[in-house]
Amino acid sequence: MGCSLGIVDNVLKRAFSSLGRAIGNNPGYFVIIPVLLTALCASGFQRVKFEADPEYLFSPVDGEAKLERAILDKHFPTNYSQFDPTRTSKGGRFGRLIITAADGGSLLRTKVWREINFLNMIVTNLTIEWEEQKNLTYKDLCAINLDGYCWNNEVLDLGAYIGRIERQEINLTYPIWFDQDSFRAYAFPMFLGGFNLTEAKTIESVEAVSLYYFLDTSEEWMVERGSAWEASFLASMAAQELPNINIYRFTSLTLEMELEDNTNSVIPYFSLNIGIMVLFCIVTCMMTDWVKSKPLLGLLGVISAILGSISAFGLVMYLGMDFIGINLAAPFLMLGIGIDDTFVMLASWRRTSVHDSVAERMATCYSDAAVSITITSITDMLSFWIGVITPFPCVQIFCVYTGACVVFTYFWHITFFGGCMAIAGYAEKQNRHAITCCVVMPKSTAVSRNWLYRVFCSGGINANDPYNPHDNKENGMMVFFRDVVGNWLNKASSKAFVLVIFLVYVSFAAWGVTNLKEGLQKRRLSRFDSYSVDYYDAEDKYFRTYPFRINVVISGEHDYSSVEVQQDVERLITAMENTTYIDPDYTESWLRSLLDYVKRWKDYPSADTSTLDISDEQSFIRTLQEVYLTDTAYVQDIDFQPKNCSADEDCAGKQSIVGARFILQGHNIRDANDEAQVVRDLRQICHDSKYNITVFHPYFIYFDQFLIVLPTTIQCVLIAALVMMVVSLIFIPNPICSLWVAFSIISIELGVLGFMTLWGVNLDSISMINLIMCIGFSVDFSAHISYHYLDSEGPPDDKVRNSLYGLGLPIVQGAISTILGVIGLMIAPSYIFITFFKMVFLVILLGALHGLFLLPVLLSIFGPGSCSKNEKKRLKTPASSYLSDTLPSKEKRGGKGGYAFDFPEAGLRIPRPATTISLSTATPTEIDTSESSPSSAQASNRSADKHSEATSGGRRRGRPLHEMYHNNGYLSEEDLEDQSNNWLSNPRGGSGRDTGGIGGAASNKLINYPDLLPSFRHGGDDFLGGLGDTEKRDHRHRSSAHQRSSSGVRHNTHHHTSASKSSGNGSRKRDARHSHSRENSTSTDIRSRSRTRESGSGGSSGSGSFDRHNHDGGRTGHGHGHSGHRSAGNNGGHCKRSKSKEHTSRRDMK
């Protein structure tokens, strides 16, 4: 596969080049059709189905708890006529109050307890209207307990003793107190919290009380009726302002309502976020040239992302997919992704030639940029759609919607935005202002206008002088990344520094991973300003010691009269009681109680043992039903079914126990990790038992996510990373590059996982969405850099500089835009959306740092640059704008003090800045310019500069190159001359492509009219300077040697240069004159300073002498070159610069 791009890349380039050309020729269709499709898809919003059930969204589809609940419901369905909240499989409809004293003191005071009773009276007397029924109160809606009354809060009966308790005439014992009047037992930890105990284990004070109100929801219509009562309950409690108590309210619908409020919390920030994005895009797309500036395209990039998101949402809704509140994070993400593509396409557009037609510029732009954004869009799309394999519906739904948004945003960008870019290109071609669309003057001709016009209106290209440096300036930020960042990274010390920082980063990230916390706490599903947050805080503070009771169900037909079965069950219950988070003092075991009762019964001498016969199965069952279970809570803990007998066995009237339930009490379960551990411990005991055992509590539905979120995340991340690597290998077909892309993915994912822990983000279903999403985002910058690095030619250092030149600025713009795209999520008062912001911020920041610093260093050290010997030394044309355009025929280009020069029809073609190899060591055989293309990456003359500085004693350091050399493609005269001594002759034949005569540093496109080698004048003075005596002698000597050539054969260019130091005064005068010319001239004058010298016979190739002057150091040199041509009878010409400054002449070439 080597270091060349594969067939996929070539096919895509050709396809996108054709698409870009089509868009450039007919932009209107590509703008109008996407808008119409958006309007069509948007009609799908009328079919939206909003889903906010937290149990459905945030619990695994195939979670073990759901199977456990099904088993519990099979044996012990919830009985609302004998209701016991500890024995339910579902929460149903209910209201709960946690009450504390306003002064933080004890509730066991008369004035406080009086307000608690008053509040209870308000709740029980709430009225609602349901259909035709009016004035329905709690007594009409409540669940019925074993006594046949509404479920009530027994702890309120303490009000009868509150005065005596306050005077300490009655001491309440902890944890259970027996009422001596009614002989009722009160288990205080189930109702009260915040105990202060004396040494005698009596209660001194209580800080909180919990009151429950359960409704009957045995039928579906009762559920809806209960929802109406809950809404009235919440509104009534919110309106209460009692002076001595604080009230914290909660209902079964609170979580669902909070999810809806979460959705509403982010909607107000859409407009703010869009405004920020529009402002950022407009500013960053502007330039000082008001024709080439593209502020409106920045705005249209935002609009394109919005249209794509609307289309995707509408289409998915048409297909019947539920809509959830988390989906509202997708448009924020799409703004970042879409604007990233905008910057990449605009950067590619700026690298095209402003002198080409719009269609050709679009073709070149799409050939370069569309492939790059295709890679990132495919990786983003796949990373989201990989999330569909997770068992969490919230993740599945979000990933479907967001993956669709990525697809539509991509297609809308290459069609709608591409059409807009083509229209802007036509405006630029007509030299129209980027905002007002009025035709304006270019900067080179606007010098006579006032400063306001020059600053705010001028720009574009002067049609009469299209190549002047004032109208062809390079983007300063792109140059900064190439010449400053790129050169810094190419230093050995900088590479070592980057690698050391990377090791420090990995160490911190690994330390963060070791502190990873799992689980999504319920409070994090609520808005920060929600009433439920205070409720969760109060519950965690006062009621975490004994938080919930757990059902243990033994399924299957067993003979519980058997001693072996009794012992097995006892060992099982004891093992569960001995786990960390179970308190054995509150276990409810009907079997244990029955055996103890029978044992105590037998201790009475006069007892009739026949009434409590449990010696066989049928006697055991009869004793339970007729004697023991009457008027006890255990009546709901045994599932009796007719006995299954064989055909020859009489089973009439016989029963068997097919299900048995036991109740355990959770203890000191403080956080999500404890919740996960208690489930894990109990299930492990169940799995190790020979019986079919199930443990369940309604909260276990949510606890399941704590158990599987980590392995599911690892699975999805590994699959996504593998897919990303395969995609990278397809589009960037180099194993080494794909390896480093995969390495970057792993590194970024490790950093996100580690630093999110340090930022207070747990591993839960919300962060799982982001971790999967991060895989796609982490590929973006790495893929951009790797693709352009591989597409560049030259040694690794030049590849790094080329890559940063083309992508440094778009990466920074894309990173900032993506972060700004989710800035509205940071402001929203919701953990869900703030988590999205934190995760996106981390992945974009780390991805940008990897792409700008780490990956270039790794590629330059271990990348594909060493797989081809020629690749290190091949000369590549730039990645910047490519000017190889023919100057207009018969146009006059004159300068101050000089006369015009007529260019023939073939014209003169001038390339963009030639990428420089290490010129100090290069030979002509190692210089290949035949593959120059508009998409080639631009390198620099850095190595040549260093060599010339050394040979000239450092005199060039204070004389920077003219900006035209960095912009218009000239390989500077200084660089050519300084390297002249190192260039060797290279006879070549048969290629049909000869290097030009100007130092041989440009491609074959340099001279289209070989019979004329014009010299350049700048501002009326010699642009290249004159020749001294030494130079003339050296010139004559070398010219005579090159006049010998054979007729009718192909000649290749020979380069000979020499340099000598000029004498003092003449050199200083020339330097001063040239400095004055550079300061005052606005265009380059091209004049003829040569005369024709005939040599050889007809059909012989001419030899040209082109003398150059080094303006900066006083050193002069001259080079000579042959240019051979296939056509017979084409007389060559020998051109020499005249020393005279008063007169120039031109002769026809023969």
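Analyst: Happy to! Keep in mind that this is a predicted model. Let's begin with strand β9 (residues 549-558), which runs antiparallel to β12 and is joined to it by five bridges.

User: Which residue in β12 is the bridge partner of Ser555?

Analyst: That is Asn692.

User: And is β12 mostly covered or mostly open?

Analyst: Mostly covered: of the five residues in β12 (692-696), four are buried.

User: Okay, new topic. What is the strand order in the open sheet of four strands?

Analyst: The order is β6-β7-β1-β8, and the pairing is antiparallel. β6 (192-197) and β8 (245-251) are at the edges with a single partner strand each, so one side of each has no neighbour in the sheet. From one strand to the next, the twist averages 15°.

User: How many bridges join β1 to β8?

Analyst: Seven, with β1 covering residues 94-101 and the two strands running antiparallel. If you want a spot to look at, Ile99 stands opposite Ile247 in β8.

User: Nice. Which strands does helix α8 lie across?

Analyst: Helix α8 (residues 220-239) lies across β1, β7 (203-214) and β8. Its angle to β8 is about 160°.

User: Let me zoom in on Ile245. Where does it lie, and is it buried or exposed?

Analyst: Ile245 lies in strand β8. Its relative accessibility is 4%, so Ile245 counts as buried, the cut-off being under 20%.

User: What is Ile245 in contact with, leaving aside neighbours within four places in sequence?

Analyst: Ile245 is in contact with Ile99, Thr100, Ala101, Ala102, Val112, Glu115, Ile116 and Leu119.

User: Switching to the surface now. Which residues form the nonpolar patch?

Analyst: Ile7, Val8, Val11, Leu722, Val726 and Ile730 form the patch, and together they have about 520 Å² of accessible area. The elements giving two or more residues to this patch are α1 (7-25) and α23 (700-731).

User: Take Val11 from that list. Which helix is it in, and how does its accessibility count?

Analyst: Val11 is found in helix α1. With a relative accessibility of 41%, Val11 counts as partly exposed, because that class lies between the 20% and 50% cut-offs.

User: Great, thanks for the tour!

Methods: Residues numbered from 1 in each chain as written. Predicted model: local features only at pLDDT ≥ 70, side-chain atom pairs only at ≥ 80, totals over all residues. Heavy atoms only, no water. Pairing = 2+ DSSP bridges. Axes fitted to C-alpha atoms, helices over the stretch in contact; angles between N-to-C directions. Contact = heavy atoms within 4.5 Å. Patch = residues over 30% accessible without salt bridge, like charges linked within 9 Å, V, L, I, M, F, W, Y side chains within 5 Å. Areas by Shrake-Rupley, 256 points an atom, 1.4 Å probe, with all protein chains shown as cover. Salt bridge = Lys/Arg side-chain N within 4 Å of Asp/Glu carboxyl O. Buried < 20%, exposed > 50% of the residue type's maximum accessible area, 1.4 Å probe, protein only.
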